[in-house]
Amino acid sequence: MKPPGTGDALLVVDVQNDFLPGGALGIGGGDSVLAPLNRLLGAWRALGLPVYLTRDWHPPGHCSFAERGGPWPVHCVAGTAGAEFSPRLERVPGDVVISKATRPDRDAYSALDGTGLADEIRRTGVRRIFVGGLATDYCVRATGLDARTAGLEVVVLRDAICAVNVHPGDGAAAMSELAAAGADLVTTGEVLASMASRP
């Protein structure tokens, strides 16, 4: 893997209160993504490279909610505390926030699905994205696969993701699917080491 540089972006997926332990749709161990992501964010910003933060930003009564016949409890309703990014995620004003699944009758797991992110990436000349966040088997998976379909190189940060595992092995299956689609699977430590070895 070549070190991050011009043409690369870091995409942090859905590190929101409702997806962390204690949240409405809390993922066991989901807060484990925070430390590796924060380490990488600091080094990433030092190079002046773009950072995108995605969030579920659902209207009340969203189609994914069990009350509407969807698979999930009410979560990440726009403007609520549960939809806010974790206060432990180190953010800066220059980060670009991407809201997804904002329409009541349409769900969207991928950060490239109906958000304008694909246009933003093309406009800024991004060719490779590094992806971490929540959850491996849903929004990370969908984002990575859509990015590969769009012709982007994809690097999945395997120590900065965590799976829901509704069915045992869902996370591992998602990782295998991403790898089969051509994504690289690396740790944030490997990325940081490559950055430190730049001439």
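**A quick tour of the predicted protein**

At 73% relative accessibility, Thr6 counts as exposed (exposed means over 50% relative accessible area, buried under 20%, and partly exposed in between, using a 1.4 Å probe and protein chains only). This is a predicted model, so local features need pLDDT of at least 70 and side-chain atom pairs count only at pLDDT 80 or more, while totals for chains, interfaces and linings use all residues. Residues are numbered from 1 along each chain as its sequence is written, and side-chain values use heavy atoms, with hydrogens and water left out.

**The overall picture**

- The protein has 5 helices and 6 strands; these are DSSP runs numbered from the N terminus, with helices being H or I of at least four residues and strands E of at least two.
- Going from the N terminus, the order of elements is β-α-β-β-α-β-α-β-α-β-α.
- Taken along the principal axes, the C-alpha atoms fill a box of roughly 55 × 35 × 30 Å.
- Of the 199 residues, 49% count as buried.
- Look at contacts (heavy atoms within 4.5 Å) between residues at least 6 apart in sequence, and 77% of them join residues at least 24 apart.

**Two residues to look up**

- Thr6 sits in the segment before strand S1 (8-13).
- Setting aside residues up to four places away in sequence, Thr6 touches Leu49 and Arg127.
- Thr6 and Ala142 are 136 residues apart in sequence, and their C-alpha atoms are 25 Å apart in space.
- Ser86 is in the loop between strand S2 (51-56) and strand S3 (96-100).
- Ser86 is buried, with a relative accessible area of 3%.
- Apart from neighbours within four places in sequence, Ser86 is in contact with Val15, Gln16, Asn17, Leu20 and Leu34.

**Where H1 meets H5**

- The axes of helix H1 (residues 34-46) and helix H5 (residues 188-196) come within 10 Å and cross at roughly 20 degrees; axes are lines fitted to C-alpha atoms, for helices over the stretch in contact, and angles run from 0 to 180 degrees between N-to-C directions.
- That makes H1 roughly parallel to H5 (angles under 35 degrees count as roughly parallel, over 145 as roughly antiparallel, 65 to 115 as roughly perpendicular and the rest as oblique).
- On the H1 side, the contact is made by Pro36, Arg39, Leu40, Ala43 and Trp44, and on the H5 side by Thr188, Val191, Leu192 and Met195.
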